[in-house]
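Good morning, colleagues. Please bring up the sequence and the model, and I shall take you through a few of its helices.

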Amino acid sequence: MYTLYQRAYLAHWLSLAREAEQSLTQTIASAKVDMNPHQVDAALFALRSPLSQGVLLADEVGLGKTIEASLVLAQKWAEKRCRLLLIVPATLRKQWSQELSDKFALPSVILEAKNFNGARKRGIGNPFDIEVAFGYPAVAVCSYEFAARKQQELGLIEWDLVVFDEAHKLRNIYKNDGAKTAKALDEALKGCPKVLLSATPMQNNLLELYGLVSIIDTRFFGDLESFKARYSKPKLEPEELAQLRKRLQSICSRTLRRQVQEEGGINFTRRYSMTEPYDPNRDELELYQKVSAYLQDEEVLAIKPGARHLVTLVIRKILASSSHAIQGTLQRMIERLENRQSLAEALSDYEELDDLADASGVEDEDFIDPVALQAEIDKLKDFLRLAGSIGHNAKGDALLRALDRAFDSTEHLGGQRKAVIFTESVRTQSWLFEQLGAAGYRDRIVLLNGTNADADSQRTYRAWLEKHQGSSRISGSKSADMKAALVERFRDQASIMICTEAGAEGINLQFCSLLINYDLPWNPQRVEQRIGRVHRYGQKHDVVVVNFINNANVADRRVYELLNRKFQLFEGVFGASDEVLGSIESGVDIERRIHDIYQKCRSDEEIEREFDELQAQLQTQIEKRNQDARRSLLEHFDVDVVARLNMRRDRTQAALDDYQQRLLLLARMSLPQARFDGDRFELDGHWHDPNWQRVEQDDARFLQPHEGMGRELIAKAKEQLAAPPLPNCCSAIRQPATASIPTCSSCLTSPASWCWKSSCSVRPSSGASICCWPAAATAANCWTSAPASACCCSSPRSDQASRPSSMNRFCKNSSKSCGQIV
């Protein structure tokens, strides 16, 4: 038998704030993620000192910097330091929010113009004060552009931690001109502890590294001129590089892919490219040319100049998707224009509209000129009639041709005959569902988008809820549970999942190794995020990526060439390397440049010339770097890392195993009615398990210290000892008076149903008082007269004795035996 003291001691041990490595074990035990030693190492580096102003985590791409930063955020949250800010590219906001929720059970709020302005209208002074603005504490997530626009409000919050993802966006802050976003954020967040994430902390010269470090600590390198004098030389001496490397090791942590592979943590698979050309029919070409000419007309009055770039870009993306997509968009545009309403709703078929609007600062009221010419509306109606007359899409036929060939290639590489098809249009997604269904895939298709309001998805969702009723699989968030239901159906039953970007954010599809870009984004980072849904840690097979080439559209062909040759997105082990993606300031900038070419070029020759110029500029950016300094400084940053990671893996696993065993021991102490089976137990019809992989597999409930049953057990054990029982009173309940008293030698091991004081040391035969029963009263039960923390009394009573009314607040039941505390 265990006492209150023993349970309370264990509960305190499980929740105690100790040194970083031990405290982080609690967070790891609460996370649903397969942790690698380099990730734990990076998180410990960021948490190592409470006096640190911040760190730069610079692991190479593909090593999970998101997990590292999330570990740090989760640890801060566990320490009740909940004013946490996450600044990320606009296209990654939802993905970050989903990862924090799914893997670390951290709530978050994505701040953007709509909910920020809504909070202001409700009388909230500063919506960045999340708990006040939204009614609960949560991690604040916003884009770089939004945060910079709200510099004043941002600076009024005393943040416990600020995390910058893709922090190389800030690296030009040292320059006198430009870098407005970086300077605004630096000014607003001075003095706040920071974690910067970037696989490419410097690309062209060491001054970029100086810029990033200065955001963390302005005094780390001293003033800019002194740094230039010492390190901005054509060739640095080895001694100076060694000294610089040593200085950086206190603020920068970097692990390379080859080091992780050598340690054995991650085995990376390859990706292979497959293309399928097609020739659009005459009506499709006519529709494209007419709508394109309309979008190129700078005299168009239906769209305000400030929003023209955004609106024309979105319409072009929908136009390239399918005639069915542009038909619905034109219909909505005409309706909105005739009613003098914003075009924002008309463009909702493109689910990434909010991300683009956030990055460009365009709000709803900017979309439309209140006086639109009727002639423009009539022109749109002509386009609508032409789109409606097209019943056959050449790219759709190309998809059917490519699908079987791609399935065969995937199967040859060891994968399953499963495909993820990405489109940028919800209407195209619905049309593809019908086309593929008619081609023989009717009951083997799953749709995934931002709403999933279609009947098929709703049926899948209801069946999933029924199947997992009462299990921890059901989170209570309909959007998260809908995704889980659809992904499970795709994994276990279906062959094809048709996705939009919004639908696929935050999901892992490593059980599938075929990805088809039905529509190809212009933003290389968005393409990489797509492929990363399948080509990621945990993928056991090489991945096949299929793209379509429009033979009649020179610009479309050059976009593919740019993404394939310059950004190396579709081939190799790692796809777009951090060297290449990190060489550009933003994928949105590339998207904008490509859109400008579509807008201004009237001939194939102009298109070819402009793309040649763009590729040359990108090549210059990619190649322009101080190779010798960069390699010697960052590629050989920590030569002992492999040996350290080997030790870290063993220590982390041992600490996690020990922690989970102690948590299970607390459950054994506290739940005598539970049925234990190895490292799990059943209670009230539900299994509880500290191993999250088994939890996912068996529909069990996750036993962890920060949520659910684990948190409840720890809290109760600590509370029960808040007011210790009287010295002569016991801590457990005993059964009716007919029960015999065990000998004192068995006090410590007797069942919890006996009322014995574990410190008893005198045998009954001595005639002295033992535990809470006097020797002469072994056949009597007792009423409590002790404080509320005690459950049993020291005075005997007879079976017929009445229960004193003053004791009602101490005992739950009025039966013969002493009850639990109310």
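This is a predicted model: local features need pLDDT of at least 70, side-chain atom pairs count only at pLDDT 80 or more; totals for chains, interfaces and linings use all residues.

The buried residues of helix H4 are Lys65, Ile67, Glu68, Ala69, Ser70, Leu71, Val72, Leu73, Ala74, Gln75, Lys76 and Trp77. That is twelve of the 14 residues in H4, a helix that is mostly covered.

After H4 comes lysine 80, with a positive phi near 70°.

Let us turn to helix H26, residues 554-566. Its 13 residues should span 18 Å at 1.5 Å a residue, and the end C-alpha atoms lie 17 Å apart, which agrees. Where H26 starts, the backbone nitrogen of alanine 555 has a side-chain oxygen of asparagine 553 within 3.1 Å. Buried residues of H26 include Val554, Ala555, Arg558 and Val559, and also Tyr560, Glu561, Leu562, Leu563 and Lys566. Just after H26, glutamine 568 has a positive phi of about 50°.

My last item is a helix pair. H11 (residues 206-216) packs with H12 (residues 224-231) at about 145°, and their axes are 11 Å apart. The crossing of H11 past H12 is right-handed. Which residues make the contact? From H11 they are Leu206, Leu207 and Tyr210, and from H12 they are Leu224, Phe227, Lys228 and Tyr231. By class, this contact has six nonpolar residues, one charged and no polar.

Methods
Residues are numbered from 1 along each chain as its sequence is written. Side-chain values use heavy atoms; hydrogens and water are left out. Buried means under 20% relative accessible area, exposed over 50%, partly exposed in between (1.4 Å probe, protein chains only). Helices (H or I, at least four residues) and strands (E, at least two) are DSSP runs, numbered from the N terminus. The expected span of a helix is 1.5 Å times one less than its number of residues. A polar contact is a pair of N or O atoms within 3.5 Å; within protein, one must be able to donate a hydrogen and the other to accept it, and residues adjacent in sequence count only if both atoms are side-chain atoms. Axes are lines fitted to C-alpha atoms, for helices over the stretch in contact, and angles run from 0 to 180 degrees between N-to-C directions. A crossing is left-handed if the near helix is turned anticlockwise from the far one by less than a right angle, and right-handed if clockwise. Contact means heavy atoms within 4.5 Å. Ala, Val, Leu, Ile, Met, Phe, Trp, Tyr, Cys and Pro count as nonpolar, Asp, Glu, Lys and Arg as charged, and the others, Gly among them, as polar.
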